[in-house]
Number of protein chains: 4
Amino acid sequence: MTKKVAVLTSGGDAPGMNACIRAIVLACERADYSVLGYMHGFNGLLHQEYRLLDGRSVHNLIQQGGTMLRSARCKEFEGREEAKRAADNLRQLEVDTLIIIGGDGSFRGAVHLSQFWEGQLLGLPGTIDNDIQGTDVTIGYHTAIETAVTSIDKVRDTADSFERIFLVEVMGRRAGFLGLNAALASAADYVILPELFESEEQTLEAIMQQLTKRRRERGDVSYIIVLAENLWPKGVNDLAEQLTKLTESEVKPVILGHVQRGGSPVSQDRLLATRLGAYAVSLVGSDISGIMIGECHGKPVKVPLPSTWQKRKPLDEFTVSTMESLMNNRYA
Amino acid sequence: MTKKVAVLTSGGDAPGMNACIRAIVLACERADYSVLGYMHGFNGLLHQEYRLLDGRSVHNLIQQGGTMLRSARCKEFEGREEAKRAADNLRQLEVDTLIIIGGDGSFRGAVHLSQFWEGQLLGLPGTIDNDIQGTDVTIGYHTAIETAVTSIDKVRDTADSFERIFLVEVMGRRAGFLGLNAALASAADYVILPELFESEEQTLEAIMQQLTKRRRERGDVSYIIVLAENLWPKGVNDLAEQLTKLTESEVKPVILGHVQRGGSPVSQDRLLATRLGAYAVSLVGSDISGIMIGECHGKPVKVPLPSTWQKRKPLDEFTVSTMESLMNNRYA
Amino acid sequence: MTKKVAVLTSGGDAPGMNACIRAIVLACERADYSVLGYMHGFNGLLHQEYRLLDGRSVHNLIQQGGTMLRSARCKEFEGREEAKRAADNLRQLEVDTLIIIGGDGSFRGAVHLSQFWEGQLLGLPGTIDNDIQGTDVTIGYHTAIETAVTSIDKVRDTADSFERIFLVEVMGRRAGFLGLNAALASAADYVILPELFESEEQTLEAIMQQLTKRRRERGDVSYIIVLAENLWPKGVNDLAEQLTKLTESEVKPVILGHVQRGGSPVSQDRLLATRLGAYAVSLVGSDISGIMIGECHGKPVKVPLPSTWQKRKPLDEFTVSTMESLMNNRYA
Amino acid sequence: MTKKVAVLTSGGDAPGMNACIRAIVLACERADYSVLGYMHGFNGLLHQEYRLLDGRSVHNLIQQGGTMLRSARCKEFEGREEAKRAADNLRQLEVDTLIIIGGDGSFRGAVHLSQFWEGQLLGLPGTIDNDIQGTDVTIGYHTAIETAVTSIDKVRDTADSFERIFLVEVMGRRAGFLGLNAALASAADYVILPELFESEEQTLEAIMQQLTKRRRERGDVSYIIVLAENLWPKGVNDLAEQLTKLTESEVKPVILGHVQRGGSPVSQDRLLATRLGAYAVSLVGSDISGIMIGECHGKPVKVPLPSTWQKRKPLDEFTVSTMESLMNNRYA
């Protein structure tokens, strides 16, 4: 029996969301399922705003950043009446399966909806932050690292030319995945992460100790510090000023900002998005529901939606120990 | 008779400075001239800090951002004693020709030095700002446009996904070349430039008028404003806040910052740097001195150094009229 | 009085054709002209296959390679009956102005059509080859250089690692613009171009002389030769084999091929396409017809269509002399 | 007690080899080990050609393609006398640990050497082919996928513009990892891989069946086939000709070639190279020898060198099943 599948993207946009939509549409086409896309995240569900999708509509989509279905954060959707309306809308269109691509906020919305809708609900992890428990990686994460690293490579050209200190703020709301990997891959000298943050004093002292040693050994040198956003109590500009005083050199802040969200997805994000999207369609019609499909050790996994946000996902140990052996050195 | 050529890079670094050094070194090698590079701009000249250069030292240099000779701004060099010391150092090394790659500050330094040194002085325009009179383009300018455009392309992905307004600050200290071209090439909707700036009120009104029309015609849409740095009296964050109130949508500021200076030079900058560097060497030993070599209409030109800063270089008319016919539309 | 404008793209696709279509559509929208796009080059004109275009249809188009209107080479169109049918189709749709983006083959088609159609005909130069007389640059040319240079940069990594000789074939049917600039910007060691080609013997001898000198001075080194396509009588593989014997090292051929046509246009192509497109619309309704709009010395120029192909466009002198002073060195 | 570590790169160069050298040098510096790099793979070992390495020598190395230590394939090294001489050289320099970055050929060389040298031997997997058993990924593999995908994205622009069929040959000597992932990430329509190759007839039939269905459903469309090199018996040009006849459309071959080896490593390769390099140094001085350090499921693993080549590494199942559900469709 044929099925009707709906898909939406919600929360911050992430490169690879389009590649995931494409995979879902093509896999559905092959299985003879019909597909529609709700626009603007849960808003589209509330206002029955959607478009039909087929192979033509996703041609040349794999390489595009952002999301063709638009996204939104939808405060409104937290209410009971709203979720009921959404459920009615899904019933009216006879949707069998709703696939939600997004982060933990989106998955909370999905669980809320499931109280009022009996259909099949599947989540796919789409966020540049990688802060979703139960999957090794999330769609958009690899591209965001690449974008940050490409930017820091450029900053290093000036840092080297002037033998100057730069302080680069990268995204990563509550988690240091992006900051840690961007710092390590761009050969930064120090990284300040939520998971490893002790105190302002300790941080400043460690930086000064390492920098002093470096200058003694190699003379004036460039030095790049990567800082996760929203971590330094008074902000990146305050830290730059403090370091300017301490180091007696002008420390320049660089805020990468929203540039990190966009761009054509790198291959790894296209591939992850494609694998997860095609796998989700293979579950359509089964009694599996209320789960996120993630990837662990190269295999698909099914994670109950609440497990994706209940525990904090730890940084990868191998990467942390590598960082400790090459950066952030303290010399006791 | 063989010659001794010295080269230095000064002021803000610009992509293509290395390509220019390479061309100078290779052209000298071919002409059997010896070459040395002073380190850290005029500082190297003051402290006789230099390195010998040959074909090997510039292998694989063409594609690297920054400058292998380091750069610096050198306040100290404005004094008479310092310039005399530099002249003595040049005499001591028996330098025949000094080639200075930099912007107007560097050329002022060259003129200052020429009061005390009788050797041949040649300037080459190296700055991402393109604000040097007497040359159509400067080394680094095309790469900086490309970097800004690539970043704004990424911002547009999020702007489109959320149908949101973004305000992007690009470099361009006193001139709008970078801002104008980056805005036009990234399909931005509005651009605020020093050359065309009337008042805060006029700007806000024009934006609101255009945005209102756009929304009426196309519904909620993404909208990108490009702002030249240091132009808005209270800064980019203040403008973002004002626009947030006026548009009743969250307007996000993005500051591209020092990322714009670095990166592997694009072909046009490699080519310009190579043409100018090779041409400079062809003048070594002639009685031409105290000039900058620029490029106008695809041909090399010689411009007396003071002419490079005495008049303000105007924006290109064809580009301005194109901008006016596609962006910044006011509807009287 | 309002006007009706039609646009088509013809011949080999070139990055920036989309940016040009966008500029035409937006400028028309502003002038209250209606616009339609014929599909598949002159084929669309023959079969009345077109689509209406407006601001929405060109959103986010500026950065896309290829052409949304598709392209084709259209042998059929050389006939009289076909041109008459096309003229009838244009009259039926009440088209006032037809803008053709393409190369010399496309402009010949335009002249042929003009015998049968009384409307306004404007050409815009779109080809990666830059072989159109009357304009300094063509849409797509800068991107093609960039693509070739980026590829040769990668080849150099292996060439350096193995101190090996590589022979890279770049596009450029009958003209060496692409080859010359790609070679110079990628720090290639030798370039073989139609405009400067004397004989096979002379070329092989010059390469061997330069290579022998290089090896004597610097030991085993990497060495990169750039070859324009269709130039070496028996092809790139034959040349590689001959060089392998002569140099007693394995010489690897690399054929860049169709990769050079595609890709997101670089800023310079987006800007050129935008300037020319907007300017073309400013001429709509005037009595200027049968011309190509090009750009010389940064200003728009109007060139009678036959002049664009009647003389061979020479290589830029400044670039050729730079090449001669840094590459292809012969040591008499 | 301090240690002396030597490192060499051997076999085909791979992006990230430099990042790996850097990590080894920095980790050694931190542990107070001295480090030297043998040049030109095993040749340097035979001829005692090496250079001392420290933090300065690897500055700004992480982002560079190729290998600063050069590479080579070294037939000569298969002899007993040669291996003995290499062992003597290692003893003469008092090397405690030799780290070899390369592929299976390099590891065979390491095992051969171990018969004559009692020191510690560690291998690290560096090859774009990913065909090394015992590690999930190899250094250079992710960059090679990215390079291939970026190229195919460009080919698609022309394929779409002309609704034409392209046949793209990617590297992958004996394994389809690169081809499979590049095809899937570039939205290719069909992929021909060694692991899944049945016969020429079956392949041609499957392509024709899929293409006919596509044309029936969507009209003339672009169609991209990815082919692993050295797989089609008479070569890529022969296949293009056969397909041209069968499809009655011109099928254009594109050979990506050596471009795929070079380029700045993507973040994932920089990170893998850095993790493996730092981990290798943590084993210096232990009694672990004769092993390759790979990475499985995000953790370091130690694999006896012969195990790396004795079994054929299978393609990843999840990726194969994804490919089967979206591409290469046969319709029974």
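An open sheet in chain A has 4 strands in the order β7-β8-β6-β9, with parallel pairing. Strands here are DSSP runs of E at least two residues long, helices are runs of H or I of at least four, and both are numbered from the N terminus. Two strands count as paired if DSSP finds at least two bridges between them. This is a predicted model, in which local features need pLDDT of at least 70, side-chain atom pairs count only at pLDDT 80 or more, and totals for chains, interfaces and linings use all residues. Residues are numbered from 1 along each chain as its sequence is written, chains are lettered from A and ligands numbered from 1 in the order in which they are written, and side-chain values use heavy atoms, leaving out hydrogens and water.

If you want a spot to look at, A:V168 stands opposite A:V226 in β8(A).

Now for the helices on that sheet. Helix α7 (residues 200-218) of chain A packs on it and touches β6, β7 and β8 of chain A; contact means heavy atoms within 4.5 Å. The direction of α7 makes about 175° with that of β7(A). Such angles run from 0 to 180 degrees between N-to-C directions, with axes fitted to C-alpha atoms, for helices over the stretch in contact. Helix α8 (residues 236-247) of chain A lies across β6, β7, β8 and β9 of chain A, at about 160° to β9(A).

What about α9(A)? Of its 17 residues, 16 are buried, meaning under 20% relative accessible area with a 1.4 Å probe and protein chains only (exposed is over 50%, partly exposed in between). Just after α9(A), A:G285 takes a positive phi of about 95°.

Over in chain B, the buried residues of helix α4 (residues 104-114) include B:F107, B:A110 and B:L113. The buried residues of α4(B) pack against several elements of chain B, among them α3 (80-92), β4 (97-102) and β10 (291-296).

Last, the cysteines. Taking a disulfide as a pair of cysteine sulfur atoms within 2.5 Å, the count over all chains is 0. For A:C28, the nearest cysteine sulfur is that of A:C20, 11 Å away, and A:C28 is buried at 0% relative accessible area. A:C296 is in no disulfide either, with the sulfur of D:C296 nearest at 15 Å; at 22% relative accessibility, A:C296 counts as partly exposed.
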